[in-house]
Each structure stands twice: as C-alpha cells, then as structure tokens.
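Biologist: Could you walk me through this model? I have not looked at it before.

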Amino acid sequence: MPDSSPYSVVILLEEGLTSDDATRVRSLHEGIEDPVAYHVLLPLDDAPARLQAAMGGIGVADPLSGQFPLPEIDVREIVAQVREDSQRALDQTLEALRATGATAQGTLVTLDPIDALSEKVTEVDAREAIIITEPHVVAEFFHVDWTSQARRRVGVPILHLLEHENFDEQAGGGEGISGL
C-alpha cells in the first residue's frame with residue numbers, strides 16, 4: 001500500500017508572500033509525486049518596536065527637568081493593529097499559495113521563530129523547510145540569521161530564499177543565499 005502522507009514543507013517568513021513569490025515556491029515542488037502541503041509560519045510584527053517608535057518623541061524635552069511629554073498611546077490598540085497587520089499578511093500569503101494550486105495553512109508565531117519552525121517541522125513530519133527573508137548581510141556573515149540557526153537545530157534540509165527576488169536574482173544561481 002503506497003504512503004499517502006503529504007510531502008510537508010514548513011515555510012518561515014519575515015513578511016507576507018506576493019503572488020510571484022508563491023509561484024516560485026510552488027515551482028520548487030512541481031516534480032514531487034506526493035501531494036505537497038505548505039505550513040506557513042509568520043512571526044507577529046514586533047509590537048515593542050512599534051511602541052518604541054510611537055514613543056520616539058520622549059526625551060526631546062529638557063532631560064534635566066525630569067519632565068517628558070508623554071504622547072497619548074494606547075498599547076492595546078498598537079498590539080491589536082500589529083496582530084491585524086500580521087494576520088492580513090498571513091491570509092494574503094495563504095491565498096497566493098492556494099492560487100497556485102497548493103494546499104496551505106498558516107499560523108502567526110509568538111514564540112522565537114526558530115523554536116516555532118523546529119516544533120512545526122516535528123509536528124507535521126516535514127521533509128524540508130524554506131526560510132524567506134530580506135537579505136541580512138551582517139547576521140548572515142556571523143551565522144546568527146534564521147537560516148544559520150535553523151540549519152544547526154532543525155533536522156531537515158533548509159532553503160533560504162530572498163523576498164521578492166526571482167531565482168536568477170539570488171546569490172547561488174537559484175539556491176538562495178548561503179552567506180557572503
């Protein structure tokens with residue numbers, strides 16, 4: 001009796017995929033005979049960073065007086081907006097993958113992204129993981145980027161692709177970036 005389990009691929013994203021990105025990801029698995037199932041992980045946008053940016057005006061007053069103008073900030077509103085923006089990006093990513101004929105489901109991640117990736121790979125018995133980010137040259141040079149961390153911790157092949165670049169534009173002739 002043939003194995004009918006899907007060829008599971010976990011995708012860790014920094015931001016949502018465009019339809020072109022989804023088409024390129026799907027093209028990587030065209031020759032696989034088993035059904036391919038994509039499991040997308042999208043970390044919640046960094047709410048503390050947004051909060052810090054919103055409060056950026058603090059400290060422009062006289063620091064010696066001890067009085068700082070506090071802007072009217074509703075932390076719950078910022079967190080809700082972050083969650084809404086991230087959910088919208090995840091939904092658009094899943095739509096883009098499904099438009100290519102793929103089976104796709106997704107989750108917003110609140111854990112460390114590499115912990116979440118490792119857990120999902122184990123949970124779905126994934127055969128590979130794809131990490132799609134913007135270039136992070138310094139982190140990649142010191143091997144502290146998501147891909148380097150994942151290669152040390154996750155027991156499946158890891159492919160790093162750059163957001164919004166076709167395979168010809170990426171370092172390594174379509175193999176994703178692997179360092180400098």
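**A guided look at the model**

Biologist: Where does threonine 103 lie?

Modeller: Threonine 103 lies in strand E3, residues 103-109. Helices (H or I, at least four residues) and strands (E, at least two) are DSSP runs, numbered from the N terminus. This is a predicted model, in which local features need pLDDT of at least 70 and side-chain atom pairs count only at pLDDT 80 or more, while totals for chains, interfaces and linings use all residues. Residues are numbered from 1 along each chain as its sequence is written, and side-chain values use heavy atoms, with hydrogens and water left out.

Biologist: Is threonine 103 buried or exposed?

Modeller: Threonine 103 counts as exposed because its relative accessibility is 51%. Buried means under 20% relative accessible area, exposed over 50%, and partly exposed in between, with a 1.4 Å probe and protein chains only.

Biologist: Which residues is threonine 103 in contact with, leaving aside neighbours within four places in sequence?

Modeller: Those residues are Val36, Ala37 and Tyr38, where contact means heavy atoms within 4.5 Å. Tyrosine 38 is 65 residues away along the chain, yet its C-alpha atom is separated from that of threonine 103 by 6.1 Å.

Biologist: Now the sheet. What is the order of its strands?

Modeller: The open sheet has 5 strands in the order E3-E2-E1-E4-E5, with parallel pairing. Two strands pair if DSSP finds at least two bridges between them. E3 and E5 stand at the edges with a single partner strand each, so one side of each has no neighbour in the sheet. On average, neighbouring strands are turned by 20° against each other, direction ignored.

Biologist: Over how many bridges do E4 and E5 pair?

Modeller: E4 and E5 pair over 5 bridges, in the parallel sense. Isoleucine 132 has leucine 161 in E5 as its bridge partner.

Biologist: And which strands does H3 touch?

Modeller: H3 packs on the sheet and touches E1, E2 and E3, its direction making about 165° with that of E3. Axes are lines fitted to C-alpha atoms, for helices over the stretch in contact, and angles run from 0 to 180 degrees between N-to-C directions. H1 lies across E1, E2, E4 and E5, and runs at about 135° to E2.

Biologist: How many residues does H3 have?

Modeller: H3 spans residues 75-99, which is 25 residues. From first C-alpha to last it reaches 36 Å, close to the 36 Å expected at 1.5 Å a residue; that expected span is 1.5 Å times one less than the number of residues. Glycine 101, which follows H3, has a positive phi, near 95°.

Biologist: Is serine 86 buried or exposed?

Modeller: Serine 86, in helix H3, is buried, with a relative accessible area of 5%.

Biologist: Which residues of the largest nonpolar core touch the most other members?

Modeller: Of its 23 residues, Ile11, Val25, Tyr38, Leu97, Ile130 and Ile132 do. A nonpolar core is a set of buried Ala, Val, Leu, Ile, Met, Phe, Trp, Tyr and Cys residues joined through side-chain atoms within 4.5 Å. H3 gives the most to this core, with 5 residues. A second, separate core of 16 residues includes Val121, Val124, Ile131 and Ala150.
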